[in-house]
Amino acid sequence: PAPVTGEQATYLALQFQLEQSQWWSEDELVSAQLRQLRLLLQHAVKTVPYYKKRYSVIPFDFSGRLTLNEWRRLPILTRNDLQEAGKSLNSRAVPQSHGKLFTQSSSGSTGKPVSIKQTRLCTIYWRSFALRQSLWCRLDMAGKAAVIRYNKDPSTITPQGLRSRGWGAPYDGMFETGPGVFMHSSVDIKAQADWLLREKPDYLLAYPSILYELAHYFIKHDLELPGLQLVRSFAEVLDKETRQACRQAWDVSVIDGYSSNEIGYMALQCPEHEHYHVQSENALVEILDDEGNPCRPGETGRVIVTPLHNYATPMLRYAVGDYAEVGETCDCGRGLPVIRRIMGRTRNLLTFPDGRKLWPSPGT
């Protein structure tokens, strides 16, 4: 491809930084997070009406040095808080350098969808961590990548699927990728299976619930995808049964990512193990017990997240509605904290009387 410019150069610069920071010690990562959190906190208190009012009663020196103990004194932002606060959670002075503003909505898988503001900078970080996962997995960019997911455009709902010359952002322009093919998640499972048999992809990205059904469909009908090299999952909890079904159906491993529309990437599966590494460069992830104390390895608690780069709708200590189990330090050498298991959001397939299965996307 031609020499990279503009945003592509930004992606490469971020990958250079991420390649180094993943090997930092826990103390180094926390120190860097606290420096960013201090700036984000000062911005929120100064420019966001919600925090200006809520934090005014907290005896806190917002101009001073920030520690983790001080940070944990701040109240947790619940989903109800976020919904009720509405526009008062939006900053009145978003830095222009963060780029264009847009509205991002959660999936509503918890039953309580929310809408927030994000900037172009948030998108850049989202794509940068997607690229990190691809590099961790050592994907051959020249392969064909198939994606099964939701798209709000109803014209994309077709059993023939859609096709593009490349993998899309951030890959295009930096790598000579193979083609990308897309299938809407609400197309029934049989049509998805027929599409995969036609396309014969090297890689497949889909929701765990769809992967489970597809794998069992292939097993039941004695079908094969011999060229498939790796499966990636996202947006739902990936359980052992789904991993096993994919191995049985296609003889491939599943690499998972933990993300949400309103936060971005929170954790990525370790390239050497089935547990997850917190993406500390993108968010501070706290896993707390019932008393609000940090969980130790082997303990399960609430997931509390603060995205570090969203200055449009700062979400300080946001309870995403999931639970997770803390893991031991990873022997891969990365200093990024470990999550052993994630327990949370699940979307369900709809089964019709004739046996057809599809992943519904109902309205409000």
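This is a predicted model: local features need pLDDT of at least 70, side-chain atom pairs count only at pLDDT 80 or more; totals for chains, interfaces and linings use all residues.
Residues are numbered from 1 along each chain as its sequence is written, and side-chain values use heavy atoms, without hydrogens or water. Local features need pLDDT of at least 70 and side-chain atom pairs count only at pLDDT 80 or more, whereas totals for chains, interfaces and linings use all residues.

The protein chain has nine helices and 16 strands. Both are DSSP runs numbered from the N terminus (helices are H or I, at least four residues; strands are E, at least two). Along the principal axes, the C-alpha atoms fill a box of roughly 65 × 50 × 40 Å. The radius of gyration is 21 Å, which agrees with the value near 21 Å for a compact globule of 364 residues. That radius is taken over C-alpha atoms, and the globule rule is 2.2 Å times the number of residues to the power 0.38.

Helix α8 (residues 208-220) packs against helix α9 (residues 240-250). The angle is about 35 degrees, and the axes lie 8 Å apart. Axes are lines fitted to C-alpha atoms, for helices over the stretch in contact; angles run from 0 to 180 degrees between N-to-C directions. The crossing is left-handed, meaning that the near helix is turned anticlockwise from the far one by less than a right angle. In α8, the contact residues include P208, L211, Y212 and F218. Their partners in α9 include A245, C246 and W250. Contact means heavy atoms within 4.5 Å. By class, the contact of α8 with α9 has 11 nonpolar, three polar and one charged residue. Ala, Val, Leu, Ile, Met, Phe, Trp, Tyr, Cys and Pro count as nonpolar, Asp, Glu, Lys and Arg as charged, and the others, Gly among them, as polar.

A 1 Å grid was laid over the protein atoms alone. A cavity is a set of points where a 1.4 Å probe fits but cannot get out; a pocket is an open set with protein on both sides within 12 Å along at least five of seven lines. Lining residues have an atom within 4 Å of a point. Points are joined across faces, edges and corners, and a volume is the space filled by probe spheres set on them.

One cavity of 30 Å³ or more is present. The largest cavity holds about 30 Å³. Its lining is R38, L41, Q42, F60, D61, F62, G64 and L66. Four of these are nonpolar, two polar and two charged.

The second largest pocket holds about 640 Å³. Its lining has 29 residues, with E26, V285, V326, P337 and V338 nearest the centre. α2 (26-47), β11 (283-288) and β14 (338-343) each supply at least two lining residues. β11 gives the most, with six. The lining comprises 18 nonpolar, five polar and six charged residues.

Two loops carry backbone details. A cis peptide bond joins A169 and P170, with omega about 5 degrees. P170 is in the loop between β4 (162-164) and β5 (180-184). D222 is not a glycine, yet has a positive phi of about 55 degrees. D222 lies in the loop between α8 and β7 (230-233).
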